[in-house]
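Hi everyone, thanks for coming. I'd like to walk you through one model today, so please have a look at it first.

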Amino acid sequence: MKNQRLFLILFFLLVVVHSHADDLDNFIRSQLKKRGIPGLSLAIIQDGKILKAQSYGFIDKAGKVAINTNTLFQAGSVSKSVAAMGALYLVEQNKLSLDENINLKLKSWKVPDNAFTTDKKVTLRGILSHTAGLTVHGFPGYAVGAQIPSVVQILDGTAPANTPPVRVDFIPGSRWQYSGGGYTVMQQLMVDVTGVAFPEFMQTNVLLPLGMKNSTYQQPLPTQLAASTATGHYNNRRLVEGRWHVYPEMAAAGLWTTPSDLARFAIGIQNAYAGKSGGVLSRSMVRQMLTDQKNRDGLGVFLQGDSATLRFGHNGRDEGFDALLTASVNKGQGVVIMINANDNSHMMDRIVGFIANYYHWDGFPVLTRPTAVAVDDRALTAFEGRYELFNNRIVTFKADNHRLFTLEDGFVDEEFVPVATHTFTSTDRNVSVRFIADTTGNVTGFRLEDKDQGYERTVPRIGPLADAYKPDTDPDSSRIPKIMTALQAMLKGGKLLEEAPGLTSGAKRDFAEGMREPETLKSLTFIHSENVTGRGIQRHQSTVSEIVTYQLTSNQPDTYILVYLTTDGLVTDFDLVEK
């Protein structure tokens with residue numbers, strides 16, 4: 001009888017655990033299907049150990065080869081967090097200092113001095129916390145088989161480098177500015193002080209000590225590892241040519257790894273913070289790493305929560321790959337998610353929230369489910385369209401089945417339910433939008449309220465969905481040839497861009513390297529024009545007064561292009577959209 005009771009208890013526990021896993025797995029699979037993402041791999045940390053490592057989907061959209069938990073993904077900027085540990089290890093070995101002028105230790109290259117560095121110098125602390133004043137936000141990498149520049153060529157922006165030179169453009173320490181260029185300077189600094197190639201140094205002193213046996217900073221990736229990788233997909237789910245890009249900017253973006261290995265990295269930080277021995281860094285150094293320097297940025301990691309619920313982590317993106325790492329400082333919890341696609345939605349945040357709720361983790365937002373009210377479907381269409389969520393960051397609303405949905409990359413993302421005539425609340429986050437109309441009833445924007453972040457602000461309208469209108473005659477047909485010339489110059493970059501008429505100085509500066517898409521641009525057909533004067537929309541440091549939507553004839557079918565014009569008709573930006 002006693003054995004039978006024990007058997008029933010064990011059976012009940014197995015059923016509960018299996019159901020628990022099924023709910024999580026089903027949620028993740030539904031998100032992948034919703035977003036058209038080929039594959040995902042994750043690791044969940046509980047009580048300072050890897051509780052669950054699971055993979056979903058396939059290495060590419062062909063759907064023939066399944067991903068497993070040892071499949072390698074590119075970590076993107078999560079590479080910075082792991083590289084930061086290597087730099088801090090050198091600080092503890094007295095080979096580097098957090099607060100001295102890094103030019104004292106750099107040998108192969110020096111940070112060029114200018115008016116900004118007269119009194120303040122670039123330091124390792126500034127690089128790690130993105131306060132050093134260094135330029136170059138991120139890197140596109142290099143196609144497989146292309147000529148790869150040296151780190152010095154990258155830092156100086158000389159051929160075959162495909163990014164501008166890394167330079168100081170404000171007084172070090174005076175403000176925060178994200179800089180992958182800074183981490184590339186750090187990479188050269190670490191090589192100069194150790195005399196060891198960066199991948200070998202990181203393998204010996206960080207990756208292997210943490211048990212990250214499926215990780216490497218080797219770029220290009222050795223042939224024998226290629227069979228173990230996922231294939232990258234862009235946000236339109238087109239395959240990355242050659243399967244991935246090569247990143248000689250290893251510290252900034254060059255780590256190949258798995259979620260389980262990144263979970264081991266996070267556990268290493270948690271253990272060191274708790275004073276446990278056997279890690280790469282001491283307790284005191286990890287506590288510095290997890291101290292806010294500026295803008296909720298520690299030394300190589302970003303920080304969230306208050307003192308009782310503090311979390312550290314980083315997001316990452318390489319061409320065709322996205323990654324997310326978030327972990328508690330002192331609760332032994334965490335999640336790592338890696339996907340083989342670029343996805344601009346809230347999907348990974350939704351998965352983290354689902355996991356946190358399922359395992360009853362505190363410190364994460366508690367979602368308040370909205371109660372819907374009835375709204376006429378015809379009224380909903382007035383709210384459809386595009387809005388400038390942040391500078392150069394669009395949010396798109398589409399009405400369907402008494403609800404509003406956001407679209408990202410052409411796929412459905414976030415659902416908003418009506419809670420009042422003009423107010424809608426997200427089913428994923430504690431976020432509400434209240435639409436604003438002018439005296440004629442035209443929607444000009446919405447008031448965004450984020451209860452978790454504690455702020456409100458106005459988000460201006462860019463224009464309608466392009467597929468709601470039929471092709472028409474441009475009221476100013478004379479501008480189409482000028483706009484076409486400007487767009488072609490923006491795609492090509494270089495000298496053609498410098499000499500092109502019809503462009504703002506900001507566009508000429510920021511498109512100097514050209515654009516990957518569209519590869520061809522044949523003709524423009526007018527669809528719609530929106531006067532946005534006074535809405536506060538800025539692109540590349542110029543105020544936008546008109547946004548014109550054209551149907552685009554190019555190598556990409558069914559594509560529209562939004563062209564951003566100033567009051568004097570100069571092109572200052574463009575966006576490609578599908579609807």
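This is a predicted model: local features need pLDDT of at least 70, side-chain atom pairs count only at pLDDT 80 or more; totals for chains, interfaces and linings use all residues.

Residues are numbered from 1 along each chain as its sequence is written, and side-chain values use heavy atoms, with hydrogens and water left out.

Back to our strands. β16 (residues 431–437) and β17 (residues 443–450) run antiparallel, joined by seven bridges. Strands here are DSSP runs of E, at least two residues long, and helices are runs of H or I, at least four, numbered from the N terminus; two strands pair if DSSP finds at least two bridges between them. The two form a hairpin with five residues between them, and G441 in that turn has a positive phi of about 95°.

On to the neighbour: β15 (residues 423–426) pairs with β16, also in the antiparallel sense, over three bridges. That hairpin has four residues between its strands, and F424 stands opposite V433 in β16.

How many aromatic pairs does the structure hold? There are 24, counting rings of Phe, Tyr and Trp (its six-membered ring) with centres within 6.5 Å; planes under 30 degrees apart are stacked, over 60 edge-to-face, and the rest tilted. Take W244 and W256: their ring centres are 5.1 Å apart and their planes at 80°, so this pair is edge-to-face. W244 sits in the loop between α7 (223–226) and β5 (245–246), and W256 in strand β6 (residues 256–257), twelve residues apart.

Are these two buried or exposed? Buried means under 20% relative accessible area, exposed over 50%, and partly exposed in between (1.4 Å probe, protein chains only). W244 has 8% relative accessibility, so it counts as buried, and W256, at 0%, is buried as well.

Finally, let's zoom out. The protein chain holds 15 helices and 24 strands, and buried residues make up 52% of its 579 residues. Its C-alpha atoms fill a box of roughly 75 × 75 × 45 Å along the principal axes. Thanks, and I'm happy to discuss!
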